[in-house]
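Dear colleague,

Please find below the structure that I am handing over to you. My findings follow directly after it.

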Amino acid sequence: MNFFQAAVANPCLVNNGGCSDECSQTSDGRVCSCKPGFTLDRDGVTCRDYDDCIINNGGCDHLCLNTPGSFHCKCNDGYLIDSDNKTCINENECATGNNNCEQLCRDTEQGYYCECHKGYKVGLDGFTCQDLDECKLPKSFHHCQHTCVNTPGSYYCKCNKGFILSANGRICRDEDECLMGGTKCEQQCVNTPGSFHCDCYTGYHRDHRLPHKCVDTDECSEGRPDCHKCMNSEGSFRCECDEGYITADNETRCADIDECAVNNGGCSQNCVNMDGSYMCECSEGYNATDPESLNCEDIDECARNNGKGECDYACANSVGSFRCSCAAGFHLDADGLTCHDINECQANNGNCTQKCINTQGDHSCSCFEGFMNSGSNGTDVICIDIDECFDEIHQCDSLAKCHNTPGNYSCQCPDGYSSQWKDCIDIDECTKPEINQCEQVCNNTPGSFHCECRQGFDLQNDSKTCSDIDECKLGKCEKGCLNTVGSYQCLCPAGYQLAADGHHCEDIDECLEDNSGCDQRCVNENGSYSCACHHGFKLLRDGSTCRDIDECLLNTACCNQGCFNTEGSYNCSCYQGYTSSSNCTCVDVNECQTNNGGCEQICTNNPGSHRCSCNSGFVIDSSDPKRCVDINECLTDNGGCHHNCTNSPGSYQCTCHPTFKLQIDGKTCGHCPTCSDFEALLQTVEQLKNKLASIEVWKQSVDGQGCVFELEIKPDGTSWKKSQCEICRCEKNQTRCERISGCSETTAQPLTTEEMITITHDDNDDDDGDEPVSSTSSGDLPTSTAASKTLSTERELSESELFTINKKKRLQ
């Protein structure tokens, strides 16, 4: 059976039956099918890639990436694909080293976070560590007494000059430079906090040019008023004194000599010492008889002023003094000079019965007011009473009654008044409890009084006692009421306070005082309050403390990728290759939109990443995954070219030797056909036509009974071997083929296409006879196509539809 017979019997042999993937022969012709991962299109021949990720995300835990004919799962950052190639398990980036932490890494379920060693803090990028400047923190942190010096990851304390650091590394103690030596002070070293200074002994002072040196102090040049004649010496000085002085204090000053201390200085009466000298003085009442007042004599003080001296009346001289005296009716004052009148009325009233009147040096008697003089009795007078009431010369109040008394009269006032000599003054009975007997309030009235009660009390029938009024029964309070004696108190429930009017209750705003102990917000309510927290915090059971809500831990954050909790809130972050489109959502960054993703030719965006690839004819550079280098197809099997292969950027071209023509496949070179080739081809076509015609005549003659297999007529009920391991049988006009049990393909191979398509051609130039010429392969599709079209349309074959005949010439 030739190729054309086989092509008619099995359509899959020609152009794979038109199927883009797999072609299977059936009794009706052929059926196209697709490999796993592909689905057959509506045209029944084309296979389209099936997106396995559409249903249930392809079974992937995280990301499902479709590929032609298949798919593969990919995990988010921080996860690794498990052995089932679908499940994502947490990647311990800290253990694998797949992290960006500069110092410490802490693994979490959703990734990892970075920490730093003591003395460092995590930077804003969350990965790097920045030195923590402990010296900028409050002194209560580093405790350095003087200076804090920051170092990478730590710090140390430093003391000012003159101090040394204590063993605890914090406190600075004074360094006693004087005890340690090396100060070079010439005389004395004085330690001070943090330093020292040189000092000198008494009589020396520091040299201003060399402070550690001491030079003699010239005390004499400084001026010594108590040193009459000063003589300086090394570290000291000495005084010499004038007459009347003596040296003192180790001859450093001059002291006065007290001449009066010896024999009273030679003075007869008084000796007065003076600086450097002395003088004599006479006592009072004496005069000096010599210029130095060594001797004194008595003074006659009475000699002047007509013998009275300094006395008012009379003077009597005595040795060194004098004495004054006064006339009758006078006495001498304490100054011993002045005379004063004697008041005789002070002694026994001057012997007067009623009134005594003193005069200078004497006195006289008279009558009291209310009496009149009726004569004399020696130095005294006789006095009789005047009746002012009878004579109506009294001054009693109009309310009072006049009663005469010896030398006077009295005014008697009515009840309720008191008499104050001539006036009647209302008696305030309210000041006398024994009179008014009022239990609470007493109101005085002219000549009388009446009792009253304080607010909150009623006066009883006795007009004295008071009884409490129960104001709570009068409904004066808005809320509660507590009656008290004489008053009442309005009460308010908890959370309220009494208003200024004392009757109504107003809400207490507990939030005004120290936020009422609330950690964040205090909400005042009627009669109470409650604590609340800011957004991002939750209230603890104590009702006042707020604690941050970790939205990331509770999975309440809107982040679709990374989540970082903050105080009272949270921040969303995106994985590498993603960017934030809102506060919550991360979308893939299409790196290919910017500079083609750095790719030289083709950029393919992937979720969270991208991939560079090359156009046909190029391959990725092994040293640079973004650069493409040309593939020299001619270096591999001559590019598949039959004759010549010429490489070009991204492609190549096949050419043929002279007298050969490039075939439609662009690779094969066929000998340019001759007239003899076309004649042989036409003869073969005629044979095929005759064969087909005989099949049609047979179908009509047997009424379609039997089978046609590979252009051969097979009567119904017959069987034949299709190959070494397959047998076919015609049953009821249907060809059924079955494999032979136990037959091995290794020993019995089916006929290949080359074996099926073999045509004999007579070469007129070949004297030795015919030489078989085979078609190139199953790839010579024009031959199969031409045969198929010949069978279906029976039209004339064109040159482009002819299969290539390789003519082998005998070697000359």
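In strand E26, Met 279 is the bridge partner of Val 272. Strands E25 (residues 270–274) and E26 (residues 277–281) run antiparallel and are joined by 5 bridges; two strands pair if DSSP finds at least two bridges between them. Strands (E, at least two residues) and helices (H or I, at least four) are DSSP runs, numbered from the N terminus. The hairpin of E25 and E26 has 2 residues between the strands, and Gly 276 takes a positive phi near 80° there.

Please note that the model is predicted: local features need pLDDT of at least 70, side-chain atom pairs count only at pLDDT 80 or more, and totals for chains, interfaces and linings use all residues. Residues are numbered from 1 along each chain as its sequence is written, and side-chain values use heavy atoms, with hydrogens and water left out.

The protein contains 9 helices and 71 strands. Of its 812 residues, 28% count as buried, where buried means under 20% relative accessible area, exposed over 50% and partly exposed in between (1.4 Å probe, protein chains only).

An open sheet of 3 strands has the order E67-E68-E69, with antiparallel pairing. Its edge strands, E67 (719–723) and E69 (734–739), each pair on one side only. E67 and E68 (residues 726–731) share 4 bridges, and Lys 721 stands opposite Ile 727 in E68.

The sulfur atoms of Cys 707 and Cys 730 are 1.9 Å apart, and the link is right-handed, with 85° about the S-S bond. Both Cys 707 and Cys 730 are buried.

By the same rule, the count comes to 52 disulfides. Another of them joins Cys 574 to Cys 586, with 2.0 Å between the sulfur atoms; this link is left-handed, at -85° about the S-S bond. Cys 574 counts as partly exposed because its relative accessibility is 25%, whereas Cys 586, at 8%, counts as buried.

Cys 672 is a separate case: the closest cysteine sulfur, in Cys 656, is 8.6 Å from its own sulfur, which is too far for a bond. Cys 672 is partly exposed, with a relative accessible area of 32%.

Methods. Disulfide = S-S within 2.5 Å.
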